[in-house]
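Here are my notes on this model, point by point. Please read them with the structure open.

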Amino acid sequence: MMASSDVDIQGSLISDQNPSEMDALCPSPPGPSRPQRNYERIGGRTGTSFFQTLIHLLKGNIGTGLLGLPLAVKNAGLVVGPISLLVMGIIAVHCMKLLVKCSHHLSAKVNRQSLTYGEAVQYGMENVPWLRRHSQWGKRTVNLFLIITQLGFCCVYFVFLSDNVKQVVEAANATTFSCQMNYTNQTEILVPSFDSRLYMLCFLPFLILLVFVRNLRYLAPLSLVANVVMTASLVLIYFYSLTHITYPIDLPKAGRAKDYPLFFGTAIFAFEGIGVVLPLENKMQRPQTFTLVLYLGMGIVTFLYISLGTIGYMCFGERIGGSITLNLPNCWMYQSVKLLYSFGIFITFALQFYVPAEILIPPAVARVSERWETAVDLLLRTILVIFTCALAVMIPELDLVISLVGSVSSSFLALIFPPVLEILAFHTEGVSPMVTIKNIVISLVGLIGFLTGTYIAIVEIVARNALKHKEALSSFVVQ
């Protein structure tokens with residue numbers, strides 16, 4: 001899942017620009033004003049096509065979150081989980097549509113070609129007299145949550161890479177060509193190796209070197225390869241899961257109430273692709289077709305989420321891991337799937353890192369002399385990557401990190417802000433009571449999910465760390 005944000009070269013989180021992965025890999029064409037863009041880009045073929053925008057939308061929503069959905073379905077139940085994913089998908093797409101609608105309305109009012117997420121919230125607040133003087137904080141708040149979300153994604157990537165590569169290394173001596181499911185439904189660990197946190201430290205220097213590539217155009221070929229191998233890996237994961245479901249299926253239809261907030265965090269983490277919506281719409285050759293792209297693309301995404309979440313849980317049952325890749329059998333084909341998907345996530349790390357780097361680094365670089373600009377830029381990139389690695393080392397639990405990041409930040413960006421923005425944007429025109437009630441309900445769902453999901457995730461993290469510490473102490477005493 002990608003996102004977009006803003007840069008303030010004056011030293012705050014405010015700006016008129018919106019750097020995102022899409023800006024680097026899909027540059028904005030010189031375009032006409034918003035009234036023209038509502039119908040067609042005048043003068044030609046610049047801008048992205050319908051199909052290109054659809055691909056970017058799919059790429060922006062499919063990542064590690066998809067692989068964690070089987071565990072999310074387990075937390076919610078075999079019936080409640082898929083139904084909840086469908087409802088959450090409908091709400092998430094509705095919020096994306098709200099963001100586009102409000103951006104169009106506000107950009108016409110301020111005579112701007114396009115607006116970023118943060119700018120839309122800023123101008124929305126300016127639309128309300130008693131909020132006008134505080135409108136800058138609306139933009140700053142959106143940018144803050146974008147930074148938290150993107151750095152959270154980077155933390156998840158550290159944990160994902162370490163868990164999957166560690167499993168491949170530990171099973172290397174006994175990897176076979178037979179892909180039969182073992183009795184535990186999980187890859188056997190045959191040769192214990194280092195702690196997963198040491199694997200994170202091994203990845204650290206390579207990821208630092210990767211983010212030193214400041215122009216993402218140079219990574220575009222590798223990004224294309226990563227997309228291809230991740231797609232192939234997903235096909236193989238679907239194939240294995242579908243062909244290894246055992247009947248009769250005796251799994252709980254509804255999960256425990258206390259686990260449902262973990263489902264919410266993981267699900268909203270997966271659906272948090274709202275940050276790419278405005279950049280993609282702004283770059284289209286014919287923006288009036290974006291609504292169709294949005295509904296088609298998110299329909300495909302929702303189908304993938306529900307199907308893999310349900311099939312994965314049906315296949316692996318109660319033993320499903322934080323990522324479905326961790327349950328694949330100990331054979332060369334599926335060990336390769338783990339490595340190929342890990343390669344894709346490794347490259348995607350640079351794309352996710354681009355957003356917080358472009359928000360936080362330019363203000364600092366602007367304060368030093370020209371001779372020190374490059375050194376300061378690289379130093380700050382190094383510090384940010386070390387910071388995300390340190391957070392991952394502190395919480396090396398893939399499922400809980402995903403749920404925590406989703407609950408803390410994605411709930412605000414995907415569910416809470418867009419309904420509030422509609423109330424603000426159409427304040428002067430008047431919003432019907434039913435629309436107001438609908439927006440308040442959606443925002444409350446996001447707020448409750450944020451509070452309960454964050455609390456349960458933190459409680460589970462503390463409990464697991466305490467259990468590991470107790471087991472390690474017991475092992476030391478025995479020795």
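1. Start with N111. It counts as exposed, because its relative accessibility is 69%. N111 sits in the loop between α6 and α7. Its phi is positive, about 60°, although N111 is not a glycine. Keep in mind throughout that this is a predicted model.

2. T116 belongs to that loop as well, the one between α6 and α7. Is T116 buried or exposed? T116 counts as buried, because its relative accessibility is 5% and the cut-off for buried is under 20%. Along the chain, T116 and V276 are 160 residues apart.

3. Next comes helix α7, residues 117-126. This helix is mostly covered, with nine of its 10 residues buried. The buried ones are Y117, G118, E119, A120, V121, Q122, Y123, G124 and M125. What covers them? The cover over the buried residues of α7 includes α6 (80-109), α8, α12 (277-282) and α16 (398-425).

4. Now the overall picture. The protein chain has 17 helices and zero strands. It runs to 479 residues, of which 57% count as buried. Take the contacts between residues at least 6 apart in sequence: 85% of them join residues at least 24 apart.

5. Helix α8 spans residues 135-170 and helix α14 spans residues 332-365. Their axes come within 9 Å and cross at roughly 155°. Angles over 145 degrees count as roughly antiparallel, so α8 is roughly antiparallel to α14. The crossing of α8 and α14 is left-handed. The residues of this contact divide into 20 nonpolar, eight polar and one charged.

6. The axes of α8 and α16 come within 9 Å, crossing at roughly 155°. These two helices are therefore roughly antiparallel to each other. Their crossing is left-handed. From α8, the contact takes in T141, V142, F145, L146, I148, T149, G152, F153, V156, V159, F160 and D163. From α16, it takes in L398, V401, I402, V405, V408, S409, S410, F412, L413 and F417. The residues of the contact of α8 with α16 divide into 16 nonpolar, five polar and one charged.

7. How do α5 and α13 pack? Helix α5 (residues 69-76) meets helix α13 (residues 290-316) at an angle of about 70°, and their axes are 7 Å apart. The two are therefore roughly perpendicular to each other. L69, P70, V73 and K74 make the contact from α5. Y305, L308, G309, T310, G312 and Y313 make it from α13. The residues of the contact divide into six nonpolar, three polar and one charged.

8. On cysteines: how many disulfides does the structure hold? It holds zero. C154 is in no disulfide, and the nearest cysteine sulfur, that of C155, is 7.1 Å away. C154 counts as buried, at 0% relative accessibility. C155 is buried too, with a relative accessible area of 7%.

9. L222 lies in helix α10, residues 220-243. It counts as partly exposed, because its relative accessibility is 36%. L222 and G344 are 122 residues apart in sequence, but 8.7 Å apart in space, C-alpha to C-alpha. Neighbours within four places in sequence aside, L222 is in contact with F343 and I347.

10. Last, check the peptide bond between Y247 and P248. This bond is cis, with omega at about -5°. P248 lies in the loop between α10 and α11 (260-271).

Conventions
Residues numbered from 1 in each chain as written. Predicted model: local features only at pLDDT ≥ 70, side-chain atom pairs only at ≥ 80, totals over all residues. Heavy atoms only, no water. Axes fitted to C-alpha atoms, helices over the stretch in contact; angles between N-to-C directions. Helix = DSSP H or I, 4+ residues; strand = E, 2+ residues; numbered from the N terminus. Parallel < 35°, antiparallel > 145°, perpendicular 65-115°, else oblique. Left-handed = near helix turned anticlockwise from the far one by under 90°. Nonpolar A, V, L, I, M, F, W, Y, C, P; charged D, E, K, R; others polar. Contact = heavy atoms within 4.5 Å. Disulfide = S-S within 2.5 Å. Buried < 20%, exposed > 50% of the residue type's maximum accessible area, 1.4 Å probe, protein only.
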